[in-house]
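Thanks for coming, everyone. I'd like to walk you through one structure today.

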Amino acid sequence: MSGEGAVGILGGTFDPIHVGHLDLARAALTHLDLPRVVLIPSHVPPHRPIQPIVSPYHRFAMTVLAAAQDERLVASDMELRAPGPSYTIETLDRFLRQGYGAQEIFFITGADAFAEIATWKDYPALLGLSHFVVVSRPEHPVAQLPDALSSLSDRMRFVATPPRGTSAASRVREMRDGPTAIFLVDVATTNVSSTEVRARLATLRPIGGLVPPAVEQHIRKYHLYSPAPRAA
Ligand code: ATP
Ligand code: MG
């Protein structure tokens, strides 16, 4: 039984979106029994060493194509429409202003991203504005987080298996109805990064299986991340 009010949020630069992002979204959907996840492409932080070579329009288009595969996934342009850098606190505020309760919002990250949480704007206050769902990424198991972020360890809850059957609904409700928590999900996601996909395209190597087929078609059609052929 999925709580209709609950929503998962997965932000990223999605430059481009890849199957690891979709594995991450699905891990949160199944382990927290969420009805949907909103994929939110962000502005690229100015301090990022490698600036994107494709426009936010293309990053959003690829996110829409990836979301089209699964009815539980939707893309949102809310961060791209806002001026300036994207801060998680502002995105959470937007959902709260839309009427969601903090316990209905599940902010999803990979373990590598969550390990940097202390550097995020309005930390630690933002931890009270939603639940967090943190999923292992290859080389970054969530099991390291209670030690790495020891001041947060008492808020962390391992979610070992997707809830099933009649006791599942009560377990999910129990997980949701307490104070906002940090749920740790240790599942294997595909070992891929956007950096790797860009590097492969720049050197004309294949990317089959690393991005959804519709995203690969889009990348090829618009010659993203690789030198454009000359007009004949
Ligand atoms: P880049 O290489 O450009 O940094 P990325 O692949 O890390 O790209 P991001 O857009 O930076 O993708 O990440 C968005 C979110 O997705 C982050 O929370 C990150 O931890 C998570 N994520 C990305 N790839 C994976 C993966 N393979 N498994 C689990 N989580 C992932
Ligand atoms: Mg990254």
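Start with Met-156. Its bridge partner in β7 is Ile-182. That pair belongs to a set of 3 bridges joining β6 to β7, residues 182-185. The two strands run parallel. Keep in mind that this is a predicted model.

Now widen the view. How many strands form the open sheet? There are 7. Read across, the order is β3-β2-β1-β4-β5-β7-β6, and the pairing is parallel. Which strands sit at the edges? They are β3, residues 73-75, and β6, residues 156-158. Each of these pairs on one side only. Neighbouring strands are turned against each other by 25° on average, direction ignored.

Next, the helices on the sheet. Take helix α2, residues 56-67. Helix α2 lies across β2, residues 37-41, and β3. Its direction is at about 165° to β3. Then look at α4, which also packs on the sheet. What does α4 touch? The strands are β1 (7-12), β2, β4 (105-110) and β5 (131-135). The direction of α4 makes about 155° with that of β4.

Helix α4 comes up again, at a cavity. A search of the whole structure finds 1 cavity of 30 Å³ or more. The space in this largest cavity is about 50 Å³. Which element gives the largest share of its lining? That is helix α4, residues 88-97, with 3 residues. Among the residues lining the cavity are Glu-79, Pro-83, Tyr-87, Glu-90 and Arg-94. By type, the lining divides into 4 nonpolar, 2 polar and 3 charged residues.

Now go to a loop. Gly-209 lies between α8, residues 194-202, and α9, residues 213-221. Is Gly-209 buried or exposed? Its relative accessibility is 55%, so Gly-209 counts as exposed; the cut-off for that class is over 50%. Gly-209 and Val-192 are 17 residues apart in sequence. In space, their C-alpha atoms are 9.8 Å apart.

Last, the whole protein. The count is 9 helices and 7 strands. There are 232 residues, and 46% of them count as buried. What about contacts along the chain? Take those between residues at least 6 apart in sequence. Of these contacts, 76% join residues at least 24 apart.

That's the tour. Questions, please.

Conventions
Residues numbered from 1 in each chain as written. Chains lettered and ligands numbered in written order. Predicted model: local features only at pLDDT ≥ 70, side-chain atom pairs only at ≥ 80, totals over all residues. Heavy atoms only, no water. 1 Å grid on protein atoms, 1.4 Å probe; cavity = no way out; pocket = protein on both sides within 12 Å on 5 of 7 lines; lining within 4 Å. Points joined across faces, edges and corners; volume = space filled by probe spheres on them. Helix = DSSP H or I, 4+ residues; strand = E, 2+ residues; numbered from the N terminus. Nonpolar A, V, L, I, M, F, W, Y, C, P; charged D, E, K, R; others polar. Pairing = 2+ DSSP bridges. Axes fitted to C-alpha atoms, helices over the stretch in contact; angles between N-to-C directions. Contact = heavy atoms within 4.5 Å. Buried < 20%, exposed > 50% of the residue type's maximum accessible area, 1.4 Å probe, protein only.
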